[in-house]
Amino acid sequence: MLRIATVNVNGIRAAFRRGMGEWIESRSPDVLLLQEVRASDEILADHLSPEHWHLAHEASETAGRSGVAIASRLPMSAVRIGMRTGVTGDTGRWVEADLEVPARDGAPPHTVTVISTYIHSGTVGTPSMDEKYAFLDHVTARLADIAEAGGYAVVAGDVNIAHREVDIKNWKGNLKAAGFLPQERAYLDRWFDDLGWRDLGRELGGEGPGPFTWWSWRGKAFDNDAGWRIDYQLATPELADAAVSATVDRAATYAERFSDHAPLVVDYDL
């Protein structure tokens, strides 16, 4: 069984201070796909030792912002860092690795491509929304290329878009808010309906509402489960067929959260 977990850590140093290390020990993922690492290569390696993990990381060119990483207990046969799209603020948002996953009965290993992405949040009426759409265009083109090539691939991370009404508690109050705009949600429609990517959090997590993956630190959002489902594992059909479970590791209490996002953990039977 291959266990892949994705989580926006909201700063890896802060997440480990709040108990992320204990969560890793209890859940034992084979692959961690991280967003908002907000650290250097050296600091990432201090928290996820290269003695135990193969690491691929794209830090942001702006210190203390974004940053995506892959930590794998399996060897990486190739790593591709970033997109370099020319979009403002596009660094620290995309990293790919090809993993060699042992197969059964002495068969050759499977090559599984894993991608960690952190898409802009955006603010309506500001240039950040244009940057988000421009980056989404590049993501869509890359997803089309991967889908056309076929094989085992998963794109996971904080997409910062809730797809349907069941993916956000207060959908009526957010119809004109970034993260739930029709133009944003249309990108996910294309990924699923046209390109064939499959949303494992929804397929294996039930019809909803939820399970949500993000709640504001403020007020009673977490206690009232007033959240958004904006963290995804999107798989090619070949890999999606091997997925057997998807779980949102929502902390038991507000005080036990190590991030404002909860990890999404998917088990694949390869």
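**The sheet and its surroundings**

Reply: In this predicted model, strand E2 (residues 31-35) and strand E4 (residues 68-72) pair in the antiparallel sense, over five bridges. Within this pair, Leu32 stands opposite Ala71 in E4. Both strands belong to an open sheet of six strands with mixed pairing, in the order E3-E4-E2-E1-E12-E11. Strand E3 (54-58) and strand E11 (243-248) stand at the edges; each has a single partner strand, so one side of each is left without a neighbour in the sheet. From one strand to the next, the twist averages 10°.

Asn10 has 15% relative accessibility, and because buried means under 20%, Asn10 counts as buried. The side chain of Asn10 makes a polar contact with the side chain of Glu36, at 3.5 Å. Leaving aside neighbours within four places in sequence, the residues in contact with Asn10 are Gln35, Glu36, Arg38, Trp217, Ser259 and Asp260. Of these, Gln35 falls in strand E2 (residues 31-35).

A separate item is the helix pair H4 (residues 127-149) and H5 (residues 182-194), whose axes come within 11 Å and cross at roughly 5°. That makes H4 roughly parallel to H5. On the H4 side, the contact is made by Met129, Lys132, Tyr133, Leu136, Asp137, Val139, Thr140 and Leu143, and on the H5 side by Gln183, Glu184, Tyr187, Arg190 and Trp191. By class, the contact of H4 with H5 has seven nonpolar, two polar and four charged residues.

Terms used: Residues are numbered from 1 along each chain as its sequence is written. This is a predicted model: local features need pLDDT of at least 70, side-chain atom pairs count only at pLDDT 80 or more; totals for chains, interfaces and linings use all residues. Side-chain values use heavy atoms; hydrogens and water are left out. Two strands pair if DSSP finds at least two bridges between them. Helices (H or I, at least four residues) and strands (E, at least two) are DSSP runs, numbered from the N terminus. Axes are lines fitted to C-alpha atoms, for helices over the stretch in contact, and angles run from 0 to 180 degrees between N-to-C directions. Buried means under 20% relative accessible area, exposed over 50%, partly exposed in between (1.4 Å probe, protein chains only). A polar contact is a pair of N or O atoms within 3.5 Å; within protein, one must be able to donate a hydrogen and the other to accept it, and residues adjacent in sequence count only if both atoms are side-chain atoms. Contact means heavy atoms within 4.5 Å. Angles under 35 degrees count as roughly parallel, over 145 as roughly antiparallel, 65 to 115 as roughly perpendicular and the rest as oblique. Ala, Val, Leu, Ile, Met, Phe, Trp, Tyr, Cys and Pro count as nonpolar, Asp, Glu, Lys and Arg as charged, and the others, Gly among them, as polar.
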